[in-house]
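Student: I would like to learn how to read the local features of a structure like this one. Please take them one at a time.

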Amino acid sequence: SELIRSFLLSGMPCPSSCPPGLLALMAPGLALMATFSLTSQAGDRRALPVEKPPGVKGRTLILLDVNTKSPIRIISENFLSLQLDPSIIHDGWLDFLSSRRLVTLARGLAPAFLRFAGKRTDFLRVLVRSSEVHKVVLPPIDRCNRTDYSLAISLFSFPFAVDIVRSDIALDKQKGCKIAQHPDIMLELQREKAAQMHLVLLKEQFSNTYSNLTLTARSLDKLYNFADCSGLHLIFALNALRRNPNNSWNSSNALSLLKYSASKKYNISWELGNEPNNYRTLIGRSVNGSQLGKDYVQLRSLLQLIRTYSRANLYGPNIGRPRKNVIALLEGFMKVAGSTVDAVTWQHYYIDGQVAKVTDFLKTRLLDSLSDQIRKIQKVVNTYTPGKKIWLEGVGATSPGGMNNLSDSYAAGFLWLNTLGLLASQGIDVVVRHSFLDHGHNHLVDQNFNPLPDYWLSLLYKRLIGPKVLAIHVAGLQRKPRPGRVIRDKLRIYAHCTSYHNHNYVRGSITLYIINLHRSRKKIKLAGTLRDKIVHQYLLQPYGKDGLHSKSVQLNGQPLAMVDDGTLPELKPRPLRAGRTLVIPPLTMSFYVVKNVNALACRYR
């Protein structure tokens, strides 16, 4: 066996001194010696560890094969989705969602959901005048809770409601997509306003005390116009902290929004509240899981009374990190409303943005921290509603608000790409990225409307990755763990069928995406069904002198930037000859499309 190991690692042909029968012994070893395959349990499908053992010098050749017969998971076509925080009302960016540049960037990530929610969801009030609502019949009054279904409810006037800039388009007088080309002076004024508001918003986040926001009918029009023009499906989270004296949800203000959006025939899905486990901290009043479940049942009944939304999707409860008290809340919710929601949602932020360092994004322990949370959520959901879809909403590298030159840099991509691979392989149906555009540093697009590294990573993912997840098999050397220690893999490999929407590749092609956290390059030899196939490489690396802190990226050595406000660049691959070893540079992320595999799992939708 030692001779076989030496042969496999050297890559040299068998010497003439090989003992009889060695070739026969080598055949299965060449196929997959010491094969590591993904476990069949749903909670532990992840890329496999590949490391050099102590004392072994030289480069290790890793053998990689993929099971092409059937997928291990099938995720949503909208798997990678987006979020907008209601803070865009506060700082004024809502008025610029009609920007041609922003719409072009968002279209690049379609199809996807657009979730309008965040910390300020439960401080959002709707102001809709009765004259703005037409031909929508009121449902009967809920006499049990004595709910008043009045149309226009807003108990305050928000001081920042007056725009310092106005768009040159009238959204309510035009048909079809409303796209604007805002003058530079307008954008400059808005950036100055946003910079002033940034400090206010950060102060609110750190103090966990939020001021009220007002959403007008015109604001909703702008939000929906952006989603609709971008090919995104809007999910709107309603305020759950409007409470009756008996602590039940007061739905009167939500009804005014439902009636107005129904009168405009807006196709919207709905949620109620954001991180209900934090309500006691926010307002000194808690809502337990059972009561929250009743609130969702009430919302479902309300939706069914409005024809436009009688079959609308409802998602929740959007809990935070599944600690003991949060799990108890989720269990109470599932008992009452598990069958009411179309997917169960929670959110996750990896690290505290106040203390983050670039090296944090390279820690395998941090990358693996999400797996335990997935298992906890799946255990509760499968106990009460087996097979119910699970979504991770509001995911980001750091919280609160991110950190400049870290969560918006190339380094943050390691967490983001690993999150996508891990969630897909463990059966999470949708992941919602916080956020597309906001005042912090967790966004995909900055306030100059320039795409950041995670945007380009997401664009590559959307263009190349299909919803069918495939199992991988890796053979190579692995350290023997010391007692009590876990080996964590710095080389992470995931495989999917190539996106059916990418017409550059025939059905049956396979896409690998690889994260190399090593400070040395790694070599991968494709084996089995992938052997001797032409491969297209998409290697994403930081661009410029800032290295991992860079906010610009290059694809196969060419910097990525928009061609103009209405055009994204062509994502050109680097063709590799058939049978060539893949060389993965250190501290990089890359995609490899293996062409014409004719994989059975990938031939049909």
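**Disulfides and backbone features**

Tutor: Start with two cysteines: Cys-497 and Cys-602 are both buried, where buried means under 20% relative accessible area, exposed means over 50%, and partly exposed lies in between (1.4 Å probe, protein chains only). This is a predicted model, in which local features need pLDDT of at least 70 and side-chain atom pairs count only at pLDDT 80 or more, while totals for chains, interfaces and linings use all residues. Residues are numbered from 1 along each chain as its sequence is written, and side-chain values use heavy atoms, with hydrogens and water left out.

Student: What joins Cys-497 to Cys-602?

Tutor: A disulfide, which is a pair of cysteine sulfur atoms within 2.5 Å. Here the distance from S to S is 2.0 Å. The torsion about the S-S bond of Cys-497 and Cys-602 is about -75°, so this disulfide is left-handed. Cys-497 lies in strand β17 (residues 491-498) and Cys-602 in the segment after β25 (588-594), so the pair ties together parts that are 105 residues apart in sequence. As for the element names, helices (H or I, at least four residues) and strands (E, at least two) are DSSP runs, numbered from the N terminus.

Student: How many disulfides does the rule give?

Tutor: The count comes to 2 disulfides. Cys-177 and Cys-229 form one of them, with their sulfur atoms 2.4 Å apart. This link of Cys-177 and Cys-229 is left-handed, with -130° about the S-S bond. The pair connects distant parts of the chain, 52 residues apart: Cys-177 sits in the loop between β6 (124-127) and α5 (184-207), and Cys-229 in helix α6 (residues 217-230).

Student: Is Cys-229 buried or exposed?

Tutor: Cys-229 counts as buried, because its relative accessibility is 6%. Cys-177 has a relative accessible area of 40%, so Cys-177 is partly exposed.

Student: Next, the backbone. Where is there a cis peptide bond with omega of about 10°?

Tutor: For a cis bond, read the omega angle. That bond joins Gly-316 and Pro-317, and Pro-317 lies in strand β10 (residues 314-319). Another cis peptide bond joins His-434 and Ser-435, with omega of about 5°. Ser-435 is placed in the loop between β14 (430-434) and α13 (453-464).

Student: Which residue has a positive phi of about 55° although it is not a glycine?

Tutor: That residue is Asn-318, found in strand β10. Asn-318 counts as buried because its relative accessibility is 0%. Glu-275, also not a glycine, has a positive phi of about 50°. Glu-275 is found in the loop between β9 (268-272) and α8 (279-283). At 11% relative accessibility, Glu-275 counts as buried.

Student: How should I read the pairing of strands?

Tutor: Two strands pair if DSSP finds at least two bridges between them. Take strand β2 (residues 61-66), which is mostly covered, with 5 of its 6 residues buried. β2 is joined by 4 bridges to strand β19 (residues 522-526), and these two run parallel.

Student: Which residue in β19 is the bridge partner of Ile-62?

Tutor: Ile-524 is that partner. Strand β2 is also joined by 4 bridges to strand β16 (residues 472-475), and here the strands run antiparallel. In β16, His-473 stands opposite Asp-65.
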